[in-house]
Amino acid sequence: MDLEFRVLQAEHGDAIVISVDFEGARKNILIDGGPAKTFEFRTTPRPLKLCLNEIKSKSEFVDLLILTHVDDDHIGGLLVGFNKPGYLSDLTKEVWFNSGKLVFNHFNQPLGDSNYVILKNNVGGNTSIAQGVKLENYLEEKNTTSPIWTHPLIKAGDEFERFGCKFKFLSPSLEKLEKLLVVWEKKKAVSNTSGANKDYSNSLEELILVDEFKEDNSIHNGSSLAFIFEYLDKSLLLLGDAHPSVIVANLRLLGYSVNKPLKIDYVKVSHHGSKANTNDELLSLLDCNNFIISANGRHHGLPNKKTLARILNNFPSANLYFNYPDLIGEIFSSEELKRANFKALHCKDIILV
């Protein structure tokens with residue numbers, strides 16, 4: 001038995017595929033789908049479509065699809081995949097997705113004539129909220145013939161098992177989810193997670209010397225699913241775009257501390273390496289030497305080198321994996337790489353754990 005972990009090239013977003021053996025069959029878990037062109041660009045197949053083609057060629061399925069949250073760089077490729085005949089609409093067996101309607105129902109808030117309904121009928125374009133509603137409508141329609149979306153609202157503290165895999169959710173908290181009541185109605189939140197300017201010209205030492213942490217204030221990111229994934233003796237920490245304060249609080253609730261950190265094989269760093277989503281407090285609760293950055297470096301200056309500096313300050317010999325290897329030479333100077341104790345590596349879309 002083995003575990004195959006793929007971090008697809010999803011532009012500035014996330015698209016992750018985990019495959020495991022279970023009872024003589026291969027089971028595939030898809031986590032997010034990147035922006036639309038992760039599936040295809042014009043008519044050219046891109047990483048998500050190519051991966052689904054491979055799954056189809058083996059007569060396999062997407063046995064579980066997890067959408068962490070509704071931002072375009074996570075949901076866009078999934079919507080295209082559902083719209084294309086023969087792909088996600090036919091391949092997907094189960095979906096986990098905290099839709100706006102689920103959030104409203106959980107907090108006993110009536111939809112009535114709220115702006116949510118106006119949004120549902122009138123808002124077009126490539127907005128996260130409109131995309132979330134579009135997926136919600138599709139899944140509700142799909143459920144009438146072949147139920148694939150029957151899971152209740154997922155929140156921190158929930159634990160589930162599928163195909164011999166364990167999922168322990170660390171985010172979102174109910175407090176963060178409740179804020180979505182405003183977002184899904186009015187879409188007034190604006191992310192303030194990183195500037196457009198890159199900090200790559202600074203040395204790692206300079207970035208640590210002037211380090212000051214300010215947490216992500218995006219309501220969407222705060223609602224992101226994040227979880228510990230366990231299969232046999234292997235484990236992954238998949239942080240979506242979650243806020244570190246929520247992850248820290250829930251790791252502590254599970255009994256982890258500086259003296260008893262969470263031992264994990266790989267961490268998918270939150271929010272594409274944004275400096276607002278990884279802090280020293282979170283890193284102090286981890287025992288890990290492998291950190292994955294899912295970003296192409298062309299959106300909001302992500303990943304921030306300051307995030308990598310924090311990781312290396314806590315784990316000097318860490319392996320930093322990039323799904324876009326050209327970023328390595330852009331972020332780190334040749335001198336930094338020459339004298340480094342750490343390794344900057346290309347995950348080549350597939351990491352075997």
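**Aromatic pairs, burial and backbone in a predicted model**

In this predicted model, one aromatic cluster is formed by Trp-96, Phe-160, Phe-167, Phe-169, Phe-227 and Phe-229.

Q: How many aromatic pairs does a search of the whole structure find?
A: The search finds 16 aromatic pairs.

Q: Why is the pair of Trp-96 and Phe-167 called edge-to-face?
A: The ring centres are 5.1 Å apart, and the planes stand at 70°. Centres within 6.5 Å make a pair, and planes over 60 degrees apart count as edge-to-face. The pair of Trp-96 and Phe-167 is therefore edge-to-face.

Q: What makes this pair a tie between separate parts of the sequence?
A: Trp-96 belongs to strand 7 (residues 95-97) and Phe-167 to strand 9 (residues 165-171), so the pair ties together parts that are 71 residues apart in sequence. Trp-96 and Phe-167 are both buried.

Q: Why is the pair of Tyr-266 and Tyr-321 called tilted?
A: The centres of Tyr-266 and Tyr-321 are 5.8 Å apart, with 55° between the planes. Stacked rings need planes under 30 degrees apart and edge-to-face rings over 60, while the rest count as tilted. An angle of 55° therefore makes this pair tilted.

Q: Which strands does the pair of Tyr-266 and Tyr-321 tie together?
A: Tyr-266 lies in strand 13 (residues 266-268) and Tyr-321 in strand 16 (residues 319-322), so the tied parts are 55 residues apart in sequence.

Q: How do you know whether Tyr-266 is buried or exposed?
A: A residue is buried under 20% relative accessible area. Tyr-266 has 10%, so Tyr-266 is buried. Tyr-321 has 13% and is likewise buried.

Q: What makes Lys-56 a charge over the ring of Tyr-87?
A: NZ of Lys must be within 6 Å of the ring centre and within 35 degrees of the ring normal. Lys-56 lies over the face of Tyr-87, at 4.1 Å from the ring centre. The charged end of Lys-93 sits over the ring of Phe-61, 4.0 Å from its centre.

Q: How do you know that the span of helix 2 agrees with its number of residues?
A: Helix 2 (residues 72-83) has twelve residues, and at 1.5 Å a residue these should span 16 Å. The end C-alpha atoms are 16 Å apart, which agrees.

Q: Why is helix 2 called mostly covered?
A: Eleven of the twelve residues of helix 2 are buried. Among them are Asp-72, His-74, Leu-79 and Phe-82.

Q: How do you know whether Leu-232 is buried or exposed?
A: Exposed means over 50% relative accessible area. Leu-232 has 59%, so Leu-232 is exposed. Leu-232 is placed in the loop between strand 10 (226-231) and strand 11 (234-238), and its phi is near 55°, a positive value in a residue other than glycine.

Key
Residues numbered from 1 in each chain as written. Predicted model: local features only at pLDDT ≥ 70, side-chain atom pairs only at ≥ 80, totals over all residues. Heavy atoms only, no water. Helix = DSSP H or I, 4+ residues; strand = E, 2+ residues; numbered from the N terminus. Expected span 1.5 Å × (residues − 1). Buried < 20%, exposed > 50% of the residue type's maximum accessible area, 1.4 Å probe, protein only. Phe/Tyr/Trp six-rings, centres within 6.5 Å; stacked < 30°, edge-to-face > 60°.
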